[in-house]
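Trainee: Could we take a close look at one single part of this model together? I would like to follow it slowly, step by step.

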Amino acid sequence: MTKVTIPIGPQHPLLKEPLSFLVTVEGERVVDSKMRLGYVHRGIERLCQQRTYVQNVHLMERVCGICSHVHTTTYCQGVEALLGLEVPERGLYLRTLLCELERIHSHLLWLGVLAKNMGFDTIFMYAWRYREIALDIMESLSGGRVSHAVNIIGGVRIDMDAAQVEAVLGQLDELDTHITTLLGVIEHEKTFRVRTQNVGLLSPEQVRRYCVVGPVARASDVDVDLRRDAPYSIYDRLDFKVITHADGDVWARTVVRLLECVESTKLCRQILASLPDGPTSTRAPRKVPAGEVVSRSEAPRGEVIYYIRSNGKDKPARVKVRTPTLPSLLALYDQLRDVNVADISVVLSGVDLCIACADR
Amino acid sequence: MNNDAILQSFRDAFPDLDLEITSLPVDEHVIALPADRVHAAVAILVEQFGIYHLSTITGQDRDENLELFYHFWQGHGLTLRTSLPYDAPVIPTVTDLIPGATFYEREVCEMLDVTFEGHANLEPLFLPDNWEGGAPLRKDFVVPPVEGGLDVDKEAAA
């Protein structure tokens with residue numbers, strides 16, 4: 001049979017961000033694929049070296065448009081470690097609260113995109129409507145829905161009063177109810193299962209081969225979560241389950257992500273219940289002593305790693321950012337092989353691509 | 001991850017080297033190696049210790065040489081550090097041991113002009129096809145002016 005090559009991207013209705021895929025098909029089967037990144041490469045690593053540590057917080061917020069908070073968290077954690085700065089407890093708690101809210105918002109956004117791409121618009125609209133609750137909470141705390149600008153070196157710039165805590169608790173209850181509803185839908189809705197089960201399969205061996213992280217790894221039964229395995233911030237004091245699933249397909253990823261949302265609401269409640277009193281930030285010097293640091297954290301999509309080197313000035317000598325989408329993209333070649341043309345959309349959405357993250 | 005056992009294995013494998021383990025914040029341990037031993041060291045990590053997760057490869061310009069960091073993770077961080085000459089740097093690829101390194105090596109290749117010997121495809125991953133500006137993360141790289149855009153170097157200097 002003749003082979004035909006179809007371009008998907010850089011501009012394509014399937015993709016929310018520019019990415020180029022050249023998919024070679026034989027009849028209805030995908031036999032080969034090629035990928036090209038860099039359409040939103042902004043040279044952030046180079047730009048960092050020309051900005052001060054304080055300015056870079058705002059730059060790091062723009063690495064990703066969905067998980068912006070986790071990038072500033074990882075960056076600030078690194079710089080704070082270089083400075084030997086003790087961040088006030090209340091600051092750490094609020095920082096972690098935002099991290100978990102962001103996880104809920106990111107996972108619900110992903111579910112919407114997946115549902116939209118498979119033609120299930122009802123789930124798309126409900127998922128995004130429920131996501132608004134998480135966005136509302138973040139907006140009420142920080143003033144920003146997606147770019148929160150909450151982190152500063154030495155803590156956070158926001159604070160909560162008792163009335164806000166009460167309001168957020170109510171909103172979390174609401175979120176919990178809706179996430180449970182969504183879980184029920186994806187578990188019992190036959191069309192959803194037919195489209196996602198046994199599609200985009202990744203075995204635990206493949207996950208290890210390609211160094212895949214986050215919910216995609218956990219849905220393939222690889223039990224890894226930096227919040228538990230290398231606790232940063234206050235995660236060692238919080239009680240939560242790491243969700244894994246044995247199936248390794250897009251359906252397993254959906255279940256893992258939604259159950260993670262439930263865990264995140266629990267984490268938020270724990271944080272609010274034990275919120276300590278005191279200041280939320282401490283003053284940080286502008287110049288950072290010479291040294292190197294490797295800072296890791298668990299973003300909604302998995303491990304984020306920052307390498308920062310200081311040469312004693314007010315600007316970093318090198319900042320390296322690796323986001324979790326990059327290894328997920330590498331694993332796409334294997335996932336796309338032999339799938340049906342109609343399943344390409346599900347496979348591509350299934351890994352939760354964030355191209356701006358990967359390109360930097 | 002047992003750092004002492006790893007260090008001992010490295011010492012056994014490379015008896016001519018004087019190897020030390022140093023620490024970095026936060027929970028990261030670093031072993032410096034010559035570039036021609038990196039492949040053998042990664043093989044030890046993968047085969048003897050089952051450490052498969054390579055978080056990323058960081059490359060940086062240190063004026064007189066280039067430095068590469070292979071950041072591994074299994075419960076704790078372990079970084080292999082090596083340096084390469086400034087002119088025509090070449091290092092064997094580790095993609096035969098860890099296929100996950102494919103994109104990381106391609107990125108270091110285009111950003112710092114390091115050749116990974118044995119890598120299947122070292123085409124640019126992030127830079128445009130018609131890129132002619134050189135390696136952007138090398139210090140001698142000059143940011144080309146964008147018409148009507150901000151001159152970041154000038155702005156930063158001011």
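Mentor: Happy to! Keep in mind that this is a predicted model. The residue you are asking about is A:Asp338, which comes after H12(A) and has a positive phi, near 75°.

Now let's walk back into the helix itself. H12(A) is mostly covered, with ten of its twelve residues buried. Among the buried ones are A:Leu326, A:Leu329, A:Leu330, A:Leu332 and A:Leu336, and A:Thr325, A:Ser328 and A:Gln335 are buried too.

In total, 30 residues of chain A are in contact with 31 residues of chain B. Helix H12 (325-336) of chain A is one of the elements that each supply at least two residues to the side touching chain B, and others include helix H1 (44-48) and strand E7 (302-310) of chain A. That side of chain A is made up of 13 nonpolar, five polar and twelve charged residues.

Finally, a word on confidence. The model scores ipTM 0.86 and pTM 0.90. Within chain B, confidence is lowest in helix H4 (residues 152-157), at a mean of 69. Where pLDDT is low, the predicted coordinates should not be read in detail.

Conventions: Residues numbered from 1 in each chain as written. Chains lettered and ligands numbered in written order. Predicted model: local features only at pLDDT ≥ 70, side-chain atom pairs only at ≥ 80, totals over all residues. Contact = placed C-beta atoms within 7 Å. Helix = DSSP H or I, 4+ residues; strand = E, 2+ residues; numbered from the N terminus. Nonpolar A, V, L, I, M, F, W, Y, C, P; charged D, E, K, R; others polar. pLDDT = per-residue confidence, 0-100. Buried ≥ 20, exposed ≤ 12 C-beta atoms within 10 Å, placed from the backbone.
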